[in-house]
Amino acid sequence: SPLLSEKKREAFEGYYLSDLSLSEIAQDTGTSRQAVRDLISRTCAELREYEEKLGLLSKRKELAELCRKAESLFLGR
């Protein structure tokens, strides 16, 4: 979230985390539904680009797998 502007973050979180409609977000922000749709679309593209460059999802999966292995060794499974 620190990588996004406040406006992008709020629209993205409203749509994906709070399950708000584009119309609801538009009303809250004083913009059009199309402007919100475009903003969310650009935000998704920006987040995909960050993920391609940083690879955080794959690193998180690797870390989770290492934790599972360590836990099974520790617990003797």
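Predicted model: local features only at pLDDT ≥ 70, side-chain atom pairs only at ≥ 80, totals over all residues.
Residues are numbered from 1 along each chain as its sequence is written, and side-chain values use heavy atoms, with hydrogens and water left out.

**Overall form**

The chain holds four helices and zero strands, where helices (H or I, at least four residues) and strands (E, at least two) are DSSP runs numbered from the N terminus. Read from the N terminus, the order of elements is α-α-α-α. The radius of gyration, taken over C-alpha atoms, is 18 Å, well over the 11 Å given for 77 residues by the globule rule (2.2 Å times the number of residues to the power 0.38), so the chain is more spread out than a compact globule. Along the principal axes, the C-alpha atoms fill a box of roughly 55 × 25 × 15 Å.

Of the 77 residues, 18% are buried, a term that means under 20% relative accessible area, while exposed means over 50% and partly exposed lies in between (1.4 Å probe, protein chains only). The chain exposes about 6200 Å², of which carbon and sulfur atoms supply 54%; accessible areas come from the Shrake-Rupley method with a 1.4 Å probe, and for residues only the protein chains shown count as cover. Among contacts (heavy atoms within 4.5 Å) with a separation of 6 or more, 48% join residues 24 or more positions apart.

**Packing of H2 and H3**

Helix H2 (residues 22–29) packs against helix H3 (residues 33–54) at an angle of about 105°, and their axes are 8 Å apart. Axes are lines fitted to C-alpha atoms, for helices over the stretch in contact, and angles run from 0 to 180 degrees between N-to-C directions. The two helices are therefore roughly perpendicular to each other (65 to 115 degrees). On H2 the contact is made by Leu-22, Ser-23, Ile-25, Ala-26 and Thr-29, and on H3 by Arg-33, Val-36, Arg-37 and Ile-40.

| Residue | Place | Relative accessible area |

The C-alpha atoms of Leu-73 and Gly-30, which are 43 residues apart along the chain, are separated by 55 Å. Asp-19 has a phi near 60°, a positive value in a residue other than glycine.

Note on methods. Parallel < 35°, antiparallel > 145°, perpendicular 65-115°, else oblique.
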